[in-house]
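The points follow after the display.

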Number of protein chains: 2
Amino acid sequence: MSVATKVRERGVPRPISKQRLRLWLRLLRSSRAIEAQLRERLRTKFSITLPQFDVMATLARNDEGMTMTELSRQLMVSNGNVTGIIDRLVADKMVLRQAPASDRRSFIVRLTPKGASQFSVIARAHEGWIDEMLVEFGAAEAELITDQLDRLVRCVRAREAKP
Amino acid sequence: MSVATKVRERGVPRPISKQRLRLWLRLLRSSRAIEAQLRERLRTKFSITLPQFDVMATLARNDEGMTMTELSRQLMVSNGNVTGIIDRLVADKMVLRQAPASDRRSFIVRLTPKGASQFSVIARAHEGWIDEMLVEFGAAEAELITDQLDRLVRCVRAREAKP
DNA sequence: TCTAAATATTTTATGTTTGTAATATCTTGC
DNA sequence: GCAAGATATTACAAACATAAAATATTTAGA
């Protein structure tokens, strides 16, 4: 199914799998480098954690609110997990839980006005930090890499849960 | 300091920072997609966590062992954290702690023979999984992206802890 | 030299996030 | 009404970050 094993002469370990491994390690290192800085700045400047910011960003894109399950799916995070993050955001009065009349099993979670205005401030700062961190990358180049990573995600997802 | 704000006519929000933001979000999504699969497979096939595998990989590259501080620096993980991971690996008899005669403050951590042989098995499977996940990417393309990410990491690191 | 301060290494403590599994509650199909 | 499925929470273990504490080493100064 794969044309991968082509260069393979005289006992040389095939370089393609090593090259792909290097790509993965670099991918990991890149996202960790950025993540570490974001985490640090969110903590010191806004006293918020990265997952809490992720939740607020997702809720900001869904103005009418979402259920916990929708939230956990969009965040790619287990449902049993979102509960705790929401708990803390509720304690901080950034989000609120609403019980919909239709389905009493679920909750609708949404940003409070305070949460929405706070988020827009943080989001602006966040965009600025990224802009600064990636300042060497122009629009065309950033778009090129974005497209390659898009393809990578599709390639990986297509092979998940298969075997 | 930045040439970033160039396209900026008629109140249009500048697209470059948005494009960089997209790049970052895609980077995050890519690494999480791969990470989730690795985590799942390591757990089901080898009953080991991803951080434990990371530690073993680092120790395998340093055959004579390392101190906890060296380990936490190479892993980009806080030192107070490595303790717990090592504790579990020691309990599983995969690594051992040695007290060096030279510096009685520190410990040398290294793989046991069992740990080393177990790691080589897992590492082979790991490389195979990555090879399969990234099968659409050829050597030249993988190398290109690797180089771009290398540059990205350097760009990000150069701006850390500065302001 | 000898004591005290500064430094280095690691662990412990606390809080947050994460995943999996088990549980409680509610809805829906029959 | 009851079984099957959906939804959210709770429980537990691992990982992670930060801060503080414990221990060992080095250095400065009298």
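1. Chain A contains six helices and three strands, where helices (H or I, at least four residues) and strands (E, at least two) are DSSP runs numbered from the N terminus. In order from the N terminus, the elements of chain A are α-α-β-α-α-β-β-α-α.

2. This is a predicted model, in which local features need pLDDT of at least 70, side-chain atom pairs count only at pLDDT 80 or more, and totals for chains, interfaces and linings use all residues. Residues are numbered from 1 along each chain as its sequence is written, while chains are lettered from A and ligands numbered from 1 in the order in which they are written.

3. Of the 163 residues in chain A, 25% are buried, that is, 20 or more other C-beta atoms, placed from the backbone, lie within 10 Å of the residue's own.

4. Chain A meets chain B through 46 residues of chain A in contact with 46 residues of chain B (C-beta atoms, placed from the backbone, within 7 Å). On the chain A side, H1(A) gives the most, with 19 residues. This side comprises 24 nonpolar, eight polar and 14 charged residues (Ala, Val, Leu, Ile, Met, Phe, Trp, Tyr, Cys and Pro are nonpolar; Asp, Glu, Lys and Arg charged; the others, Gly among them, polar).

5. Around DNA strand D there are 23 residues, of which A:Gly80, A:Ser106, B:Thr49, B:Gly80 and B:Arg104 come nearest; a residue is near if its C-beta atom, placed from the backbone, lies within 6 Å of the strand. H4(B) gives the most to this surface, with five residues. The surface near DNA strand D has five nonpolar, twelve polar and six charged residues.

Definitions and conventions: A residue is buried if 20 or more other C-beta atoms lie within 10 Å of its own, exposed if 12 or fewer, and partly exposed in between; C-beta atoms are placed from the backbone. Two residues are in contact if their C-beta atoms, placed from the backbone, lie within 7 Å.
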